[in-house]
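Hello,

Here is the structure I said I would pass on. Please have it open while you read the notes below.

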Amino acid sequence: MLWLRSLAGRITLVTAAVAVLAVLVTGSVAFPLIRSAAVNQAREQLSRQADAFSAAPVAAQALDLRERNLLGPDNYDLSTITPAGSVTGAASQILGPDAVHPVLAGQKISRTVTRGGVQFLVEARPLAKGGGIVLTRSLSDVNAASARLLQPTLLALAAGLLIAALAGTLLARRLSGPLVRTAAAARRMAAGERTVHFEPAGAAEVRAVGEAINTLDDALLASESRQREFLLSISHEIRTPLTALRGYAEALQDGLVPPEDAARVGQTLAAETDRLDGFVRDLLALARLEADDFTLDVQPVDVSALLKQTQRAWQPAAAQAGVEVTVHLPAADAGEPLMVTTDAQRLRQIIDGLIGNALRVTPPGKPLALKVMIEDEPPSPATAPGNHQRGIVAIQVRDSGPGLTAEDAAIAFDRGALARRYSGQRPTGSGLGLSIAARLAQRMNLSLTVEPTAPGGDGACFGIRLPRATTVPR
């Protein structure tokens with residue numbers, strides 16, 4: 001029963017059903033046509049013979065007797081009609097006065113007559129000297145002859161049905177073979193095997209499925225490789241504070257920490273605990289971003305007020321690092337609300353992530369700038385030339401650190417890419433902050449970009465772009 005539910009089984013069954021239907025339709029059309037053709041042929045032959053008898057009765061009768069003696073009795077009967085109207089021979093039981101009188105009047109008779117439930121072909125011709133001749137043939141003889149013709153036809157139809165079934169089976173195997181191999185490859189991939197490459201074959205649609213499986217295999221391999229590297233990186237980063245925590249905990253347990261060092265050890269333990277807490281928060285943030293129930297509270301937001309609030313929140317941490325956080329607003333919009341429509345909390349989360357990354361690489365005494373610019377909205381076909389709308393709010397976070405090359409900018413938002421590249425060369429975090437900001441911007445349908453550092457310059461510049469709103473909150 002499993003075979004019947006497979007594609008090969010269904011193709012075979014459909015092909016066989018179509019072949020059977022074609023045979024039935026062919027038979028239902030061909031058999032009546034063969035029978036009708038046999039009857040017409042018998043009638044035409046009987047008519048020619050009747051014409052021959054009426055044209056030369058003596059010679060025709062002699063030839064008929066000679067053929068019957070040499071070849072055996074024919075399948076028709078010869079009868080005569082006397083000038084007086086009496087019928088002699090086998091036709092005497094078939095013809096009635098309605099058929100005799102027209103012959104005596106010089107007319108030809110060609111009809112089918114039923115007597116005693118049996119049908120006969122009747123061909124009657126008048127004779128020049130009076131009377132006439134009658135040729136009769138039973139339709140049962142004609143049908144028997146046509147039945148002999150039907151037998152080869154039935155054999156031919158049966159052979160065609162068998163060939164169609166075999167062809168359907170071969171076609172089913174040919175069509176289903178690539179799909180079976182594709183399904184086997186998909187099952188191997190589902191079992192965890194990778195690099196399951198095979199050569200797509202079959203019809204164009206089947207080849208497309210095979211190529212999609214190969215593409216999926218490559219994508220899974222790349223994704224799992226990134227996840228493996230990410231987990232290895234995270235495990236390494238987590239192991240460092242755990243090692244410090246365990247070492248100090250064992251030292252405290254063994255009484256190896258003198259009382260005068262207790263405060264310093266406590267600070268170290270608190271700092272390492274904060275590092276672990278940061279890792280956990282980053283991982284939870286990534287998990288929430290990938291969840292299907294991620295929601296946004298979209299409302300009008302004043303960007304100027306949001307950035308000033310952000311500056312005040314980061315001022316203590318920046319002061320401790322010796323960095324000044326500045327906010328630069330457009331001169332034309334100073335003191336006026338600069339509105340966008342978005343989720344204020346999520347936007348603040350992106351900005352906080354960018355500031356945290358910038359603060360880590362900015363040397364003491366250098367500025368960290370938050371800048372807002374109003375950019376022209378890209379012109380549309382309906383916009384008149386020179387009539388641009390200033391409808392894009394661009395928020396920039398610019399640090400004074402070592403900056404990013406073009407190659408760095410290309411991978412800046414990949415998980416842990418910059419952390420792995422500059423580990424031990426410059427201050428780095430877990431490598432998740434920029435990745436979280438990029439994923440969050442994507443879920444919010446915002447544009448988050450990074451600009452490579454210009455030659456001779458310093459610092460990296462990250463930008464967030466949002467459409468400007470005209471609604472002013474009340």
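**What was found**

Arginine 194 has a relative accessible area of 17%, and because the cut-off for buried is under 20%, arginine 194 counts as buried. Keep in mind that this is a predicted model.

Arginine 194 sits in the loop that runs between helix H5 (139-190) and helix H6 (204-253). Not counting residues up to four places away in sequence, arginine 194 touches Met189, Asp217, Leu220, Leu221 and Glu224. One of these contacts, leucine 220, is 26 residues apart from arginine 194 along the chain, and their C-alpha atoms are separated by 7.9 Å.

Next, threonine 310. This residue is part of helix H8 (residues 303-321), and threonine 310 is buried, at 0% relative accessibility. Leaving out residues up to four places away in sequence, threonine 310 touches Arg348, Ile351, Asp352 and Ile355.

Then there are the nonpolar cores. The largest has 41 residues, and the members that touch the most other members are Leu347, Ile350, Leu354, Leu368, Ile395 and Ile464. Elements giving two or more residues to this core include H8, helix H9 (344-361), strand E9 (367-375) and strand E10 (392-398). H9 gives the most, with seven residues.

What does leucine 347 touch, not counting residues up to four places away in sequence? The contacts of leucine 347 are Leu306, Thr342, Ile395, Met444, Leu446, Ile464 and Leu466.

Regards

How values were computed. Residues numbered from 1 in each chain as written. Predicted model: local features only at pLDDT ≥ 70, side-chain atom pairs only at ≥ 80, totals over all residues. Heavy atoms only, no water. Helix = DSSP H or I, 4+ residues; strand = E, 2+ residues; numbered from the N terminus. Buried < 20%, exposed > 50% of the residue type's maximum accessible area, 1.4 Å probe, protein only. Contact = heavy atoms within 4.5 Å. Core = buried A, V, L, I, M, F, W, Y, C linked by side-chain atoms within 4.5 Å.
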